[in-house]
Amino acid sequence: MPAKVCLITGANSGIGRVTALELARKGFDIIMLCRNLEKARPVRQEIKRVSKTGQVDLLWCDMAVQSSVVQAAREVIDRYDHLDVLINNAGLYIEKEHYTAEGIELTFATNHLGAFLLTNLLVGLLRKGSHSRVITVSSEAHRWDSGFIIDELAAPQSYDGMKAYGASKLCNILFARELAERLADDGITSNSVHPGVVKTNFAQNYSNFRGVVFNLMRPFFISPEKGAETSIYLASAPEVEKVTGLYFAKCRPKIPSAAAQSAFYASQLWALSERLTQLKKHLVAI
């Protein structure tokens with residue numbers, strides 16, 4: 001049997017790196033989608049050293065740039081005839097407001113739209129995989145967003161880094177749930193994940209009050225190895241082969257916020273995402 005193929009975004013650091021290492025050890029062929037190739041190349045060699053198959057591919061992709069996502073998807077489609085696991089892991093938090101070339105707020109563009117576009121462009125390969133799975137890394141931070149306003153996701157009236165991050169993580173859960181429904185007949189599962197509060201560089205250099213509190217709490221955070229456990233479980237465990245549409249934490253389903261369970265929000269977000277990414281045009285072209 002051919003090895004299972006797993007694509008991981010942001011696989012060069014943090015829980016993405018650990019997830020890639022452990023799945024390589026389990027016998028998966030790994031595709032790393034990374035923005036910083038200089039940092040990613042030594043990680044690729046590290047993964048190759050532990051890989052059962054020796055197959056570790058590295059592709060450049062900036063998840064905030066839609067043309068980059070489309071180009072990366074084209075390269076994956078050209079190189080592979082199937083995809084068994086897609087892990088939407090890449091994400092960021094920024095303190096100050098930034099916009100992409102398309103005029104979209106950077107947190108939303110990176111954490112949600114990039115994953116939305118990439119996943120939809122790779123559905124054809126996922127359909128050719130074996131019991132394919134999509135895993136989208138979210139966070140308990142999705143509960144921070146007390147007033148979820150669909151029309152302000154791409155261009156908020158007033159910017160707050162934590163609120164934008166929380167809204168993007170809520171989008172991750174809504175996307176994963178809606179995707180699960182849309183792909184149910186294809187036998188492709190879609191779930192979202194809270195990895196835990198992991199010791200990474202998140203908010204490390206920010207000077208506002210919440211950044212100070214965050215850094216004071218940092219010694220109590222879990223390791224990337226612990227944080228990657230749920231993504232690894234959902235990617236490889238046979239008992240979740242047919243489990244779909246759920247939010248997981250510590251390798252168990254967890255009930256997300258009421259907003260994250262809203263079918264209305266999910267459908268509205270999907271329609272907005274289709275429009276902002278020009279998805280139908282890209283599907284025809286690819």
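This is a predicted model: local features need pLDDT of at least 70, side-chain atom pairs count only at pLDDT 80 or more; totals for chains, interfaces and linings use all residues.
How far is the sulfur of C6 from the closest cysteine sulfur, and in which residue does that closest sulfur lie?

1. **Cysteines.** The sulfur of C6 is 12 Å from the closest cysteine sulfur, which belongs to C34, and that is too far for a bond. C34 has its own closest partner in C61, with 9.3 Å between the sulfurs, again too far for a bond. A disulfide would need the two sulfur atoms within 2.5 Å, and a search of the whole structure finds zero disulfides. C6 is buried, at 0% relative accessibility, and C34 is buried too, with a relative accessible area of 0%.

2. **A buried aspartate.** Have a look at D62, in the loop between β3 (56-60) and α3 (66-79). D62 is buried yet has no salt bridge. The nearest side chain of opposite charge is R35, 4.7 Å away, while a salt bridge calls for a nitrogen-to-oxygen distance within 4 Å. The side chain of D62 does reach the backbone nitrogen of A64, at 3.0 Å. Leaving aside residues up to four places away in sequence, D62 touches R35, S68 and V69.

3. **Aromatic pairs.** Seven aromatic pairs turn up in a search of the whole structure. One of them joins Y93 and Y165 edge-to-face, with 6.0 Å centre to centre and 80° between the planes. Y93 sits in the loop between β4 (85-88) and α4 (106-121) and Y165 in helix α6 (residues 161-182), so this pair ties together parts that are 72 residues apart in sequence. Both tyrosines, Y93 and Y165, are buried. Ring pairs also bring in W144, linking Y93, W144 and Y165 into a cluster.

4. **A tilted pair.** F264 and Y265 form another aromatic pair, this one tilted, at 6.3 Å centre to centre with 45° between the planes. F264 counts as exposed, at 55% relative accessibility, whereas Y265 is partly exposed, with a relative accessible area of 23%.

5. **A covered helix.** Helix α9 (residues 229-236) is mostly covered, with six of its eight residues buried. The buried ones are T230, S231, I232, Y233, L234 and A235. What do they pack against? On the helix side, their neighbours are α1 (14-25) and α8 (224-227). Among the strands, they pack against β4, β5 (133-137), β6 (189-194) and β7 (247-249).

Methods. Residues are numbered from 1 along each chain as its sequence is written. Side-chain values use heavy atoms; hydrogens and water are left out. Rings of Phe, Tyr and Trp (its six-membered ring) pair if their centres lie within 6.5 Å; planes under 30 degrees apart count as stacked, over 60 as edge-to-face and the rest as tilted. Helices (H or I, at least four residues) and strands (E, at least two) are DSSP runs, numbered from the N terminus. Buried means under 20% relative accessible area, exposed over 50%, partly exposed in between (1.4 Å probe, protein chains only). Contact means heavy atoms within 4.5 Å. Lys and Arg count as positive and Asp and Glu as negative; His and the chain ends are not counted. A polar contact is a pair of N or O atoms within 3.5 Å; within protein, one must be able to donate a hydrogen and the other to accept it, and residues adjacent in sequence count only if both atoms are side-chain atoms.
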